[in-house]
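Please consider the structure shown below with attention to its side-chain contacts. The discussion takes up aromatic rings, then charged groups, and finally the confidence of the model.

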Amino acid sequence: MADIASLLQASLQPGTRKQAEQQLHQLTLQQGFLIHLLRLILDKTQDRSIRLAGGIYLKNITKLRWEEDVAPLPEQDKAAIRSELVPAMIALSDPTEKSIRAQIAESVALVAELDFPEKWSNLIDQLVISLSSTDYNVNIGVLETAHSIFRQWRPQVRSDALFTEINFVISRFMDPFLHLFRQTSTIVFSSPPSPNLGLLTQAQILLAEIFYDFTCQDLPPAIEDSHDEFFAPNVGLFHRFLTWDPPELRGDPDDVNPSLPARLKTVIFEIAELYIKLYADQLARSPAIESFVQGVWGLVGSNKLPNVANDQLVSQALRFVSSAIRSGFYKSLFSSKEIISSLVQGVVVPNVGLRDHEMEQFEDDPLEFIRLDLALPSGSGGAGSAEISTRRQAAADVLQALVGSGYQTEATEIVGLWISSGLQEYNTNPAQNWKSKDSAVYLLTAIATETSTAKLGVTSINAQVDVVKFFSEHVFQDLQAVPGTVHPILQVDAIRFLFTFRNQLTKEQLLSVLPLLIKHLNSDNYVAYTYAAITIDRILSIKTGSQLMFSQTDVHDFAADLLGAILAKVEGAGTPEKVAENDHLMKCAMRIIITARQTLTPVYQQVLQRLVAILGVISKNPSNPNFDQYIFESISALMRFVVHGTPSTLPTFEKTLFGPFTFILQQDIDQYIPYVFQILAQMLDMHTTGVPTEYRSLLPFLLMPAPWQQKGSIPGLVKLLRAFLAHDADEMVANNQIASVLAIVQQRLIPSKVNDAWGFELLQGVMLHVPPIYLQQYYRVLLMTLLTRLQTSKTDKFVYHFSHFLLFTMAINVEGLGPNYVISTVETIQPQLWSQILTTFIIPQVPKMPHKDRKVAAVGLTRMLTESEVMLTEPAARNWPSAFTTLVKLFNEPQYLTKTSTQDEATTTGLTEIDYEEQTAGYQAAYSRLAAAESATIDPVAYVKDPKEFLGRALSRTRVGTLIAACDPGTAQPFVQGLAAEGFVIQ
């Protein structure tokens with residue numbers, strides 16, 4: 001344990017990081033490690049960087065390993081940590097310890113999410129006892145911790161468990177909370193100002209955040225009873241805070257960080273927005289919202305808060321106005337044309353214009369400009385969401401709220417005048433007045449948009465605005481202008497206009513502008529070529545119904561050149577970090593490959609070499625998980641389509657990829673390893689005869705414990721081992737490697753609640769491909785492992801997979817396998833055990849099975865009922881009628897019992913899910929799935945074309961008449977009569 005500090009120090013150096021992390025991982029399992037780590041974090045004689053690294057390491061343990069079930073943390077250590085975390089927070093209450101305290105607060109929240117209140121029932125009492133009437137450093141630590149726990153309620157779906165937890169907290173925390181809120185606000189408003197005014201205001205902000213937490217799901221009685229104290233016009237605490245602006249806290253005008261009063265006002269507007277959405281009847285008790293709207297006018301009207309530091313406050317204030325308009329409860333506030341005009345003139349237009357700092361961002365930090373510019377105004381609400389909304393978007397959202405709430409005609413007319421004015425101003429001096437046109441185009445985009453989503457762009461438009469006409473008259477000229485003849489921001493505006501309204505243009509119109517977008521890919525302006533890539537990607541993603549609008553035929557003529565231009569931009573970026581920073585470019589490359597498909601076959605070798613070269617650069621310092629996802633998707637998709645059309649190209653892919661992949665595995669580049677396993681599985685599955693020796697030499701490594709340590713690798717490893725089983729099972733049997741596969745299942749996968757499903761996935765591969773006579777020696781022990789897990793830590797998911805696995809094993813058409821193989825083995829463990837498994841697990845699970853598994857269940861049950869000697873004789877035969885009734889009920893929805901496909905699954909499987917994958921990509925995710933590496937689902941019981949006919953034939957061959965007679969007549973008899981009518985004779 002004495003090495004912890006030196007190992008943490010070593011983990012901060014790139015050269016020693018990997019080894020130090022591995023040693024720390026081993027120490028983590030030792031009794032007492034967690035407490036030693038916490039004491040080191042609190043030891044102020046230690047170097048600050050080591051203490052902070054310790055705090056981050058503790059947080060990561062609570063995040064990733066707190067509920068680890070294969071190599072669990074000692075329970076004694078977990079209990080000790082729970083008792084020490086809150087005191088540790090208090091010990092770190094000095095302002096100089098803020099960054100370390102933040103890690104501990106996060107650890108408290110992560111542990112509380114899993115253990116509170118069941119295993120940590122005294123957590124809230126610990127927090128309450130720690131509150132101080134005088135020491136606000138301590139109070140801030142307690143409130144930060146409390147808020148980190150309570151804020152997790154905000155996005156959750158309402159449930160009994162959630163409200164049980166909220167009520168538990170409120171019963172203990174509400175009274176001290178309200179007392180501290182009142183005490184703090186009294187001191188804040190006192191005159192002369194307290195010397196600790198900054199500290200008090202930090203506490204007041206946290207108290208307001210917790211107020212939001214407490215009301216985000218329902219209105220607690222204590223807060224409902226105190227409504228006027230907070231919301232009464234002019235005298236309520238929230239209204240007083242909106243006009244509170246102490247000179248001591250104003251800060252430097254050039255500071256980009258919001259002042260403490262601005263942060264407090266932002267949270268208050270978030271609370272007001274929440275109340276509009278959830279508690280409008282409560283607000284109706286007084287003219288509170290009218291007073292808040294006046295507050296917005298007073299705060300942000302006529303651009304009173306132009307500084308960057310106030311962006312969050314202004315954005316949230318405008319979002320509050322949008323919510324008030326959309327609610328429909330305050331029509332009197334917004335119904336007159338004069339009010340709408342003053343709203344547009346005083347609040348919207350001043351916040352739509354580009355400001356100097358945005359111009360600087362455009363030049364100096366283009367990726368951040370793009371990130372902010374593309375974030376759509378949110379209609380979802382919720383505290384904290386103002387951070388992802390710029391002033392421009394929030395102002396545009398006010399217009400969209402007016403258009404969507406019955407004020408369409410008035411708003412369109414008023415904004416139309418501003419748009420015309422801006423365009424006229426631009427035309428008088430285009431070089432000087434380009435900002436006027438930029439604002440005009442932005443206002444048109446806002447007023448034309450009725451509804452939109454981040455994925456689809458604008459989905460419905462204001463019928464009073466002719467978007468296509470505006471594009472052709474005012475925007476198209478900037479799109480086709482020679483770079484340098486118009487301001488680059490106007491060219492970006494033109495590209496963004498296409499991006500925004502892509503769904504309103506026809507396929508022919510889009511095809512006509514694609515060459516112009518391709519031209520912008522060669523621009524020297526970072527934002528322009530990135531926007532062009534983003535727009536091309538989104539245009540190629542448009543669907544009509546379930547089909548993509550653009551096919552390989554549409555892009556045949558220019559796909560190779562387009563892809564070359566994109567890759568050239570990526571390659572030219574320089575350092576690994578710069579190459580990987582612009583994932584928009586890599587995503588566009590991926591989209592072109594997926595759209596072009598076999599069109600790229602003539603150039604596939606050059607494309608593959610360039611992708612591998614880029615991978616070689618970024619592997620020196622992996623820094624952007626989105627970029628990584630897209631480059632591996634690109635490699636996988638290129639191989640999928642080229643090899644599908646020209647199988648002889650597979651060796652070229654293997655020769656090109658084996659080297660880089662071996663390097664990734666040897667260097668243990670853990671961000672890339674999950675992708676490598678998936679693509680290796682994809683390549684191996686493409687072989688139709690034999691397995692090359694390169695794969696076989698890899699197999700011993702795959703069967704060692706080390707690769708299975710990284711959770712994110714497990715799905716890819718399972719896919720790869722399944723590919724080996726499908727193509728090389730005889731060789732694996734000959735080399736005695738099946739025992740190693742089963743050891744992985746039994747020791748690493750089945751005991752884990754996270755990975756047990758992958759264990760069953762691998763077992764399916766074993767049952768399908770390993771000769772049953774060879775497997776017999778392992779099968780009983782395997783079943784005992786599954787039954788032990790059922791006894792010790794049963795979950796609903798495990799029961800489903802266990803039941804499905806038994807039905808699957810009885811259903812598949814493998815010589816020597818079948819119901820007798822399964823059931824006789826179960827009976828050797830304990831006589832009549834099969835009847836218990838059948839009645840306790842399988843029969844209750846069958847009706848719950850997802851549609852994709854119904855056919856396997858039907859075939860498995862059919863074979864069990866008609867082929868098993870145990871099931872056809874006493875005492876197990878007593879359960880035959882209930883099992884048969886369960887089977888008959890499956891046939892009530894026959895559409896799920898036959899596998900049909902309307903598409904060429906070999907070329908489309910998984911690709912429609914790439915947009916989902918890109919949203920979930922990230923190193924913190926347990927598994928980043930490659931959609932392009934997915935193969936078409938194979939029906940494991942394809943030998944049964946019609947399950948009902950299969951059942952009829954099976955019943956005809958077996959004497960089951962007396963057993964059927966014992967079934968529920970209302971269910972079984974009509975079904976059996978139906979079979980008889982189809983010619984099946986059942987005796």
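In this predicted model, F214 has a relative accessibility of 1% and therefore counts as buried, the limit being under 20%. The ring centres of F150 and F214 are 5.4 Å apart and the planes meet at 35 degrees, so the pair is classed as tilted.

R240 lies over the face of F189, at 4.0 Å from the ring centre, and the charged end of K507 sits over the ring of F550, 5.7 Å from its centre.

Charged side chains meet one another in 46 salt bridges. One of them joins E97 to R48, at 3.6 Å from N to O. Because E97 lies in the loop between α5 (75-91) and α6 (98-115) while R48 lies in helix α4 (residues 48-64), this pair ties together parts that are 49 residues apart in sequence. E97 is buried, with a relative accessible area of 4%, whereas R48 is partly exposed at 37%.

E97 forms a salt bridge with R51 as well, the closest N and O atoms being 3.2 Å apart. R51 is in helix α4, so this pair ties that helix to the loop between α5 and α6 over 46 residues of sequence. R51 is buried, at 4% relative accessible area.

A further salt bridge brings K855 and D939 together at 2.7 Å, N to O. K855 lies in helix α45 (residues 854-867) and D939 in the loop between α48 (914-920) and α49 (947-957), so the two tie together parts 84 residues apart. K855 and D939 are both buried. Through shared partners, salt bridges join K44, R48, R51 and E97 into one network.

As to confidence, the protein chain averages a pLDDT of 90, and 95% of the residues score at least 70. Over residues 916-926, however, the pLDDT is below 50. It also stays under 50 over residues 900-906. Where pLDDT is low, the predicted coordinates should not be read in detail.

Terms used: Residues are numbered from 1 along each chain as its sequence is written. This is a predicted model: local features need pLDDT of at least 70, side-chain atom pairs count only at pLDDT 80 or more; totals for chains, interfaces and linings use all residues. Side-chain values use heavy atoms; hydrogens and water are left out. pLDDT is the predictor's confidence in each residue, from 0 to 100. Contact means heavy atoms within 4.5 Å. Rings of Phe, Tyr and Trp (its six-membered ring) pair if their centres lie within 6.5 Å; planes under 30 degrees apart count as stacked, over 60 as edge-to-face and the rest as tilted. Buried means under 20% relative accessible area, exposed over 50%, partly exposed in between (1.4 Å probe, protein chains only). A charge sits over a ring if NZ of Lys or CZ of Arg is within 6 Å of the ring centre and within 35 degrees of the ring normal. A salt bridge is a side-chain nitrogen of Lys or Arg within 4 Å of a carboxyl oxygen of Asp or Glu. Helices (H or I, at least four residues) and strands (E, at least two) are DSSP runs, numbered from the N terminus.
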